[in-house]
Amino acid sequence: PAPRPPMLSYRHAYHAGNHADLLKHYLLTRTLAYYNQKPKPYDYIDTHAGAGYYDLTAAYAQKNREYQSGIARLNAAAHLPAALAAWRDHMHAHQPAPDTYPGSAWIAARLLPAPGKLHLHELHPADHAALTENLRPLRLGRRLHTHRTDGFAGLIALLPPASRRAVILIDPPYEQKSDYQTTLDTLAAAYKRFPSGTYLIWYPCLPRDESRHFPAQLNQHFGDNYLRAELHVRAENGAHGMYGSGMYLINPPYTLPAELETTLPALRDLCAESADSRIILDARIP
Ligand code: SAM
């Protein structure tokens with residue numbers, strides 16, 4: 001058989017519910033909740049949507065049990081800052097099924113008010129099929145658009161949205177190092193068409209130059225109105241791959257930096273894998 005394209009070797013099911021998912025999904029939830037305060041319709045666009053939700057008892061999740069140092073620790077935590085405890089309650093209330101962990105598409109599908117549209121891109125045939133199937137019970141009807149196409153190109157084609165309001169998640173695997181530059185190029189083109197959207201970009205913290213330089217490259221273009229939050233579960237150590245992850249928000253909710261002052265250290269304390277874990281919190285919101 002022909003070799004699979006390298007971009008499709010990534011399966012999110014191995015990582016569901018880990019520290020990176022907590023950071024990503026906490027900030028996604030809080031951004032959507034902020035948008036929901038205004039009674040004006042908006043859309044949600046996910047460039048790399050995944051499967052919607054993940055069975056934590058399945059072989060993928062059980063392989064490395066990454067959720068045990070993520071969502072399982074959050075669930076077991078006795079003392080949490082109010083905003084983090086509220087997010088945990090929210091996640092419980094909206095859990096797709098017992099022993100599952102929701103992905104970005106599920107979280108957005110539960111939070112986006114009608115008539116807002118969801119545009120979900122997922123290139124992997126199995127994950128695309130699971131995404132469609134997993135979201136079916138939510139009966140989103142014509143509000144739901146799943147695309148088995150490249151999410152970078154798909155995003156540009158959708159901008160600007162007719163609603164003129166949108167929350168956009170860009171969450172590539174970064175298994176190909178070109179994903180960093182493609183994300184930067186896509187953001188530049190997207191921002192030109194739609195400068196008022198809220199863009200959430202997830203990235204891994206890895207001991208490689210593309211990863212190290214990425215936040216500064218984002219700042220060069222978008223440093224006038226951004227929030228950067230990184231959670232390092234241990235110090236950078238060349239031998240051990242991903243030591244944390246970050247979220248970069250363009251046009252972030254102005255309420256988030258103050259909230260993160262208490263919740264990000266609490267997430268670090270929960271997910272720390274060594275005494276040298278740390279956070280970076282940096283924002284400029286005019
Ligand atoms: N956003 C999801 C969440 O938070 O639950 C996780 C997404 S996972 C990190 C990245 C996904 O992108 C994988 O499911 C992978 O199959 C898919 N993918 C890889 N390249 C893609 C592309 N060019 N366009 C759309 N999806 C892609």
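Buried means under 20% relative accessible area. The views below use that cut-off on a predicted model.

**Figure 1. Helix H7 and its cover.** Helix H7 spans residues 151-158. Its buried residues are Gly-151, Phe-152, Gly-154, Leu-155 and Ile-156. Three strands are among the elements that cover them: E1 (43-46), E4 (118-121) and E6 (166-170). Helix H8 (178-193) is also part of this cover. An α-helix has 3.6 residues a turn, so residues three or four places apart point the same way.

**Figure 2. His-121 in strand E4.** His-121 belongs to strand E4. This histidine is buried, with a relative accessible area of 1%. Leaving aside residues up to four places away in sequence, its contacts include Ile-45, Asp-46, Thr-47, His-48 and Ala-49. His-147, Thr-149 and Asp-150 are also among the residues that His-121 touches. Further contacts of His-121 include Gly-151, Gly-154 and Leu-155, which are also listed among the buried residues of H7. Leu-158 is another residue in contact with His-121.

**Figure 3. His-232 in strand E8.** Strand E8 covers residues 226-232, and His-232 lies in it. His-232 is buried, with a relative accessible area of 5%. Not counting residues up to four places away in sequence, His-232 touches Cys-205, Tyr-243, Gly-244, Ser-277, Arg-278 and Ile-280. Met-91 is 141 residues from His-232 along the chain. The C-alpha atoms of these two residues are separated by 23 Å.

**Figure 4. Cys-205 and Cys-271.** The disulfide count is zero. A disulfide needs the two sulfur atoms within 2.5 Å. Cys-271 is likewise in no disulfide. Cys-205 is buried at 4% relative accessible area. Cys-271 is buried too, at 0% relative accessibility. Cys-205 is also one of the residues touched by His-232.

Figure 5. Ala-114 and Pro-115 are joined by a cis peptide bond, with omega about 5°. Pro-115 sits in the loop between helix H5 (104-111) and E4. A cis peptide bond also joins Leu-159 and Pro-160, with omega about -5°. Pro-160 sits in the loop between H7 and E6.

**Figure 6. Asp-99 and Arg-139, with positive phi.** Asp-99 has phi near 60°, a positive value in a residue other than glycine. Its place is the loop between helix H4 (82-93) and strand E3 (100-102). Arg-139 has phi near 50°, again positive in a residue other than glycine. Arg-139 is in the loop between helix H6 (125-135) and strand E5 (144-147). Is Arg-139 buried or exposed? Arg-139 is exposed, with a relative accessible area of 76%.

**Figure 7. The whole chain, for orientation.** The chain has ten helices and ten strands. Its radius of gyration is 18 Å, close to the 19 Å from the globule rule for 286 residues, so the chain is as compact as a globular protein of that length. The C-alpha atoms fill a box of roughly 50 × 45 × 45 Å along the principal axes. Of the 286 residues, 52% count as buried. Among contacts between residues at least 6 apart in sequence, 80% join residues at least 24 apart. The chain exposes about 12,900 Å², and carbon and sulfur atoms supply 52% of that area. The mean positions of its 29 positive and 26 negative charges are 6 Å apart.

Key:
Residues numbered from 1 in each chain as written. Predicted model: local features only at pLDDT ≥ 70, side-chain atom pairs only at ≥ 80, totals over all residues. Heavy atoms only, no water. Helix = DSSP H or I, 4+ residues; strand = E, 2+ residues; numbered from the N terminus. Rg over C-alpha atoms; globule rule 2.2 N^0.38 Å. Buried < 20%, exposed > 50% of the residue type's maximum accessible area, 1.4 Å probe, protein only. Contact = heavy atoms within 4.5 Å. Areas by Shrake-Rupley, 256 points an atom, 1.4 Å probe, with all protein chains shown as cover. Lys, Arg positive; Asp, Glu negative; His and termini not counted. Charge placed at Lys NZ, Arg CZ, Asp CG, Glu CD.
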